[in-house]
Amino acid sequence: MGSQCNGDDFEMPEIKIKFTKLFINGQFVDAVSGKTFETRDPRTGEVIARIAEGDKADVDLAVEAARQAFDHGKWPRMSGYERGRIMMKLADLIEQNTEELAILDSLDAGKLFTLGKLIDIPGTAHHLRYYAGAADKIHGETLKMSREFQGYTLKEPIGVVGHIIPWNFPSTMFFFKVSPALAAGCTMVVKPAEQSPLSALYHAHLAKEAGIPDGVLNVVTGFGPTAGAAISSHMDVDKVSFTGSPEVGRLVMEAAAKSNLKSVSLELGGKSPLIIFDDADLDMAVDLANKAIFYNKGEICVAGSRIYVQEGIYDEFAKKAAESAKKWVVGDPFDPRVHQGPQVDKGQFEKVLKYIEHGKREGATLLTGGRPCGDKGYYIEPTIFTDVEEDMLIAQDEIFGPVMSLMKFKTVEEAIERANNTRYGLAAGIVTKDLNIANRVSRSIRAGIIWINCYFGFDVDCPFGGYKMSGFGKDMGLHAMDKYLQVKSVVTPIYGSPWL
């Protein structure tokens, strides 16, 4: 028996799609080509709206607007305090429109509406306020020179930034990138994923309403190989921040190198391990493991997709994990009883199902799930494989779907070695009551964030970013500001000073 697939007896909130055009220099405009593309509802596969399809010509216009706003506009020349006040106003407007924004992300990306209202959209406002508070605290340092010079450093905004964001957390990722860049005094062009453009355009509208000057925040909707590539290779873009796959991350870096050697930061996903030791609270461990992979239908870069359980509790854990997964309700993301909505689109749905078939062919045992759910839309049952070997595709590739690989280990040394046996290094979880094991393992795993006896322990003050092929550069925390600031040293000679 698989998971429960829920019916349709609930009230759907109403929404009118207001913004479907590109947002360039403070105005909503058609694409230069006049072309549009469809954005589809993953609950049904039906078209929600037609969106302006930006490409190189539109990126050129957006970058020109951002360049003018940076070189001659007031945003970089405002005090940090003034920028912060406008960002606070934007945060207020987002909160006032929480329901509408949550609906857009649910419609576009299949995200749970209830969690959008409770977590995602309030979280974007929190991000803005955090960086609004940092905008007037960007300090250089006084240098203690060894010769007769006086020196200090300035931290200056890097310039025009290109943000290329993914579809799994449309609003969250928009403000992961935009908030620190705004606080630093940069201007920017944002390309949302083609699967989820609706909330980005709404945020652009609110930014104008909040008083962010024209040209500072531009949104070009479109596709990676056209609009995304134009941003990455643009000679007048000073920095690109990209979240997505390693394959596209390579293309972004290559384009940056071949053009003007613009600075790049990348967050490229993961294959994160969750290591559960014999002394763990079993019920807590099962709950953490299932949420770590099934939350947001597995479409999360830090998903705990490799679960390592010590042999003493392995059998009991596997039994309880399967029972818990079978109670996980899959269905319409607007239904408050549902735990898991549809995969974002048909392509992702088919990709996940192919990985499940691959797991079976490679000899892993399908413990539960593994099938599509319902007769329309892109729903997949929560899936657990046991008897997974390290070299299997389901243990090595980021599936980006609700598929858990469950594996057994004996010793701490083995757990560390196997946890590190991946090209990724984004996150990891450890469940144990032994502080010495927690300390040793957390220092031994090569990943950017380690969660001990918790998972998804995100906070705006906690830097987030990867090791190895998970990329480089941090989102969140004050470290995120570094991506959008240049350090300049200023030196003047001093004469006859009584001290150096």
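This is a predicted model: local features need pLDDT of at least 70, side-chain atom pairs count only at pLDDT 80 or more; totals for chains, interfaces and linings use all residues.
Start with the whole chain in view.

The C-alpha atoms fill a box of roughly 75 × 60 × 40 Å.

Switch to cartoon. The chain holds 15 helices and 22 strands.

Now colour by burial. Buried residues account for 58% of the 500 in the chain. Then show contacts. Take those with a separation of 6 or more: 75% of them join residues 24 or more positions apart.

Next, select residues 80-96, helix α2, together with residues 170-184, helix α5. How far apart are their axes, and at what angle do the helices pack? The axes lie 9 Å apart, and the angle is about 155 degrees. Angles over 145 degrees count as roughly antiparallel, so α2 is roughly antiparallel to α5. Look at the handedness too: α2 passes α5 in a right-handed crossing.

Show side chains at this contact. On α2, pick R83, M87, L90 and I94. On α5, pick F175, S179, L182, A183 and A184. Which kinds of residue meet here: nonpolar, polar or charged? Seven are nonpolar, one is polar and one is charged. Colour them by class to see the division. Arg counts as charged, so R83 of α2 is the charged residue.

Definitions and conventions:
Residues are numbered from 1 along each chain as its sequence is written. Side-chain values use heavy atoms; hydrogens and water are left out. Axes are lines fitted to C-alpha atoms, for helices over the stretch in contact, and angles run from 0 to 180 degrees between N-to-C directions. Helices (H or I, at least four residues) and strands (E, at least two) are DSSP runs, numbered from the N terminus. Angles under 35 degrees count as roughly parallel, over 145 as roughly antiparallel, 65 to 115 as roughly perpendicular and the rest as oblique. A crossing is left-handed if the near helix is turned anticlockwise from the far one by less than a right angle, and right-handed if clockwise. Contact means heavy atoms within 4.5 Å. Buried means under 20% relative accessible area, exposed over 50%, partly exposed in between (1.4 Å probe, protein chains only).
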